[in-house]
Amino acid sequence: MTEGFLWTCPYCSRNATIIDSNYSSSIHRFEHNNKDGDLWLETTVTVCPNKDCKEYVISAYLFKAVRDRHSNWSHSVQPLLHWNLRPQSQARIFPSYIPQAILKDYEEACLIRDLSPKASSTLSRRCLQGIIRDFHKIKKGRLVDEIEALKGNIDPLVWEAIDGVRNIGNIGAHMEKDINLIIDVEPQEASALIGLIEMLLKDWYIDRYEKQQQLQGIVRISESKKKIKNNDESEKKSNSSE
Ligand SMILES: [Zn+2]
């Protein structure tokens, strides 16, 4: 690697250019008469250059090993398998003022996404229900009724997307009436649902928290100004009474 590559740290969410000094990889080529022939196992380590983070990310890829026209070993373009070893999923780290039960469902939805998109979308659905109940204080038993109650109170496009999560998540949560009808949830659908959950956590919880912090800051400033003014006035009074 000579030029480096652009990368987003999964721990601090910052963008960085990764160069040789914070990246390394190792290759294990093997065959041993296995059924798939020559294989190429590559592990990579990437360290976040942000000085407040310095987290390290470990991944592994299994490729088909191939010889190029000069008989040098290289590998197939697409990996046969890919593992996120650290962190184990693409879950973003959210602040702890978001309820733990919601974060747990979100993290598990991310963790299982590639192995079982159906299970992942079911968890996303439960996570969504947790968010609506906690953030909007709507509790009606069935998610469909809770989403209905949300209508008109939020951005119509966001509402439509939320209703979409319910529909996709339902497939994993309940047996279809016709048991022979298997509707698969594609990994990209499970990813889209996770993306929606991330958006809601940011737009609802984080924005509300940051707004509160900003407003509290303004209140503190005005209070300290008032105190100074009051002190000034009481000083003037005591001076004039002397
Ligand atoms: Zn980082």
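Tutor: Strands β5 and β7 run antiparallel and are joined by five bridges. Two strands are said to pair if DSSP finds at least two bridges between them. Strands themselves are DSSP runs (E, at least two residues), as helices are (H or I, at least four residues), and both are numbered from the N terminus.

Before we go further, please keep in mind that this is a predicted model, in which local features need pLDDT of at least 70 and side-chain atom pairs count only at pLDDT 80 or more, while totals for chains, interfaces and linings use all residues. Residues are numbered from 1 along each chain as its sequence is written, and side-chain values use heavy atoms, with hydrogens and water left out.

Now stay with β5 and look at its other partners. It also runs antiparallel to β6, with three bridges between them, and here A65 stands opposite H75 in β6. These two strands make a hairpin with five residues between them, and S71 in that turn has a positive phi of about 65 degrees. Then there is β4: nine bridges join it to β5 (residues 56–67), again in the antiparallel sense. You can trace this pairing at W40, whose bridge partner in β5 is F63, and at E42, whose partner there is Y61. Strand β4 (residues 39–47) pairs with β3 (residues 23–30) as well, antiparallel and over eight bridges; S24 has V45 in β4 as its bridge partner. A handy thing to remember while you look: in a regular strand the side chains alternate between the two faces of the sheet.

Most residues other than glycine have a negative phi, and most peptide bonds are trans. H32, in the loop between β3 and β4, has a positive phi near 45 degrees. It counts as exposed because its relative accessibility is 69%. The cut-offs are simple: buried is under 20% relative accessible area, exposed is over 50%, and partly exposed lies in between (1.4 Å probe, protein chains only). K54, in the loop between β4 and β5, has a positive phi of about 60 degrees and is partly exposed at 49%.

Back to β7 (81–86). L80 lies in the loop between β6 (73–75) and this strand, and is partly exposed at 47%. Together with L81, W83 and L85, L80 forms a nonpolar patch on the surface with about 380 Å² of accessible area. Nonpolar patches join side chains of Val, Leu, Ile, Met, Phe, Trp or Tyr within 5 Å, from residues with over 30% relative accessible area and no salt bridge. The areas come from the Shrake-Rupley method with a 1.4 Å probe.

A salt bridge is a side-chain nitrogen of Lys or Arg within 4 Å of a carboxyl oxygen of Asp or Glu. R86 makes one with E55, their closest N and O atoms being 2.9 Å apart. Since R86 lies in strand β7 and E55 in the loop between β4 and β5, the pair ties together parts that are 31 residues apart in sequence. R86 is partly exposed at 25%, and E55 is partly exposed at 23%. The peptide bond from R86 to P87 is cis, with omega near -10 degrees, and P87 belongs to the loop between β7 and α1 (100–112).

Finally, look at the zinc ion. Its protein donors are the SG atoms of C9, C12, C48 and C53, at 2.3 to 2.4 Å; donors are N, O and S atoms within 2.8 Å of the metal (3.2 Å for Na, K and Ca), and water is not among the atoms, so sites may look incomplete. In sequence these donor residues follow the spacing C-x2-C-x35-C-x4-C. The ideal angle for four tetrahedral donors is 109.5 degrees. C9 is buried because its relative accessibility is 1%, while C12 is partly exposed at 25%.

Terms used. Patches are made of residues with over 30% relative accessible area and no salt bridge: like charges are joined within 9 Å, nonpolar side chains (Val, Leu, Ile, Met, Phe, Trp, Tyr) within 5 Å.
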